[in-house]
Amino acid sequence: MTANSPDAEAPKGLGLTGFASGDPVATAQDLTADQGRAMEVVAEVLGGRRLAVLTGAGLSTDSGIPDYRGPESVPRSPMTYQQFVGDEALRRRYWARNHVGWHHLRHADPNPGHLALATLEARGLLSGLITQNVDRLHSAAGSAEVIDLHGTYDRVVCLQCRNHYSRAAIAVLLEALNPGYLERESDAGDVAPDADADVDDTGDFVMAPCPNCSGMLKPDFVYFGENVPKDRVAEAYQVVDSGDALLVAGSSLTVMSGLRFVRHASKAGKPVVIINRGKTRGDDLATILVDIGVSEALAFLAQTLPDLERR
Ligand SMILES: [Zn+2]
């Protein structure tokens, strides 16, 4: 077994390729006076209300996963579903990059923002948590009820027989088909939130067929050009409906799959608070916009929001 084999468990947070060992993450104490005042206003609006929460890539940047739509990020166009199923060369490239990216992602740790939301849930302050992230860091932080709107990076689906597999099991197959590939490419640069690592040498990568039917495998998350499954959307609307306010944390709301919940809450007359670095497509609908780091803002709320009165 080599250090990079999928079965070798590295300690969480070290990361086989080191990307998770970034700078220390800011905490609520690191808010400036102005930011603290802005958050006091947020706490005032949200206090006493049960919160529906929607999170996006901006929440996971403090876990070392770059947000490709954030203010300082390099624009990137993810592959569409149509490209994935229709073009073998692109699919090969996708799987090669995903293979390296997956190894990065699975060693990422939740940050204080994820932990703050798990705390708020445990205290009964949330009606639910919807995330656009596929990194599973909410679950890792201890959140029990998470709607993974866009799927998760740690599952794979066969497009023919619809069997599901753990990504770790498929990694074993990919390792056997591509000996030494990870070691060669493990110093890849940025890894996008969807486990797309910046790897160029992908031409000779061998993809794994479905172990059951030899059909085409696809990471089980929602691609551009693909719809979120209807029952999952309905579940997410339910979370928004049973909340008294909507808190958006770390999403630029670029895609409709997230923006529609902001529209829904706004239409119902509920307060919408957006905490995000940079502009969002939901700014016009927000009751309050706060342009500060998401981890420290959520940590502040976990410390500040009072318990709900029984009702
Ligand atoms: Zn199959």
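**Figure 1. With 19 C-beta neighbours inside 10 Å, Ser139 counts as partly exposed.** A residue is called buried if 20 or more other C-beta atoms lie within 10 Å of its own, exposed if 12 or fewer, and partly exposed in between, with C-beta atoms placed from the backbone. The model shown is predicted, so local features need pLDDT of at least 70 and side-chain atom pairs count only at pLDDT 80 or more, whereas totals for chains, interfaces and linings use all residues. Residues are numbered from 1 along each chain as its sequence is written. Ser139 belongs to helix H5, which covers residues 137–141; helices (H or I, at least four residues) and strands (E, at least two) are DSSP runs numbered from the N terminus. Leu137 also lies in helix H5, but Leu137 is buried, having 25 other C-beta atoms within 10 Å. Apart from residues up to four places away in sequence, Leu137 touches Ser60, Ser63, Ala108, Pro110 and His114, where contact requires C-beta atoms, placed from the backbone, to lie within 7 Å.

**Figure 2. His150, listed by UniProt under "active site" in an unreviewed entry, is the subject of this view.** UniProt positions follow the numbering used here, feature names are shortened, and annotations may be inferred rather than shown by experiment. His150 is found in the loop that runs between strand E3 (146–148) and strand E4 (151–158). With 23 other C-beta atoms within 10 Å, His150 is buried. When residues up to four places away in sequence are set aside, His150 touches Gln132 and Val134, and also Phe221, Val222 and Val228.

**Figure 3. Four cysteines, Cys158, Cys161, Cys210 and Cys213, are listed by UniProt (unreviewed entry) for "binding site".** They are spread over 56 residues of sequence and yet cluster in space, the largest C-alpha distance being 8.6 Å. Cys210 lies in the loop between H7 and E6, and Cys213 lies in the loop between H7 and E6 as well. Cys210 counts as buried because 20 C-beta neighbours fall inside 10 Å, whereas Cys213, with 12 C-beta neighbours inside 10 Å, counts as exposed. Not counting residues up to four places away in sequence, Cys210 touches Cys158, Gln160, Cys161, Asn163, Gly215 and Leu217. Cys213, again leaving aside neighbours within four places in sequence, is in contact with Cys158, Gln160 and Cys161.

**Figure 4. Helix H4 (residues 112–122) packs with helix H10 (residues 294–304) at an angle of about 25°, the axes being 7 Å apart.** Axes are lines fitted to C-alpha atoms, for helices over the stretch in contact, and angles run from 0 to 180 degrees between N-to-C directions. H4 and H10 are therefore roughly parallel to each other (under 35 degrees; over 145 is roughly antiparallel, 65 to 115 roughly perpendicular, the rest oblique). H4 passes H10 in a left-handed crossing, that is, with the near helix turned anticlockwise from the far one by less than a right angle, clockwise being right-handed. The contact is made by Pro112, Gly113, Ala116, Leu117, Thr119 and Leu120 of H4 together with Val294, Ser295, Leu298, Ala299, Leu301 and Ala302 of H10. These residues divide into nine nonpolar, three polar and no charged, with Ala, Val, Leu, Ile, Met, Phe, Trp, Tyr, Cys and Pro taken as nonpolar, Asp, Glu, Lys and Arg as charged, and the others, Gly among them, as polar.

**Figure 5. Helix H1 (residues 33–46) and H10 have axes that come within 10 Å and cross at roughly 50°.** That angle makes H1 oblique to H10, and H1 passes H10 in a right-handed crossing. Met39, Ala43 and Leu46 of H1 make the contact with Ala297, Phe300, Leu301 and Thr304 of H10. The residues of the contact of H1 with H10 divide into six nonpolar, one polar and no charged.

**Figure 6. Ser214 has a positive phi of about 65° although it is not a glycine.** Ser214 sits in the loop between helix H7 (181–185) and strand E6 (217–221), and Ser214 counts as exposed, with 12 C-beta neighbours inside 10 Å. Leu253, likewise not a glycine, has a positive phi of about 55°. Leu253 is placed in the loop between strand E7 (245–249) and helix H9 (256–267), where Leu253 is buried, with 26 other C-beta atoms within 10 Å.

Note on methods: Two residues are in contact if their C-beta atoms, placed from the backbone, lie within 7 Å.
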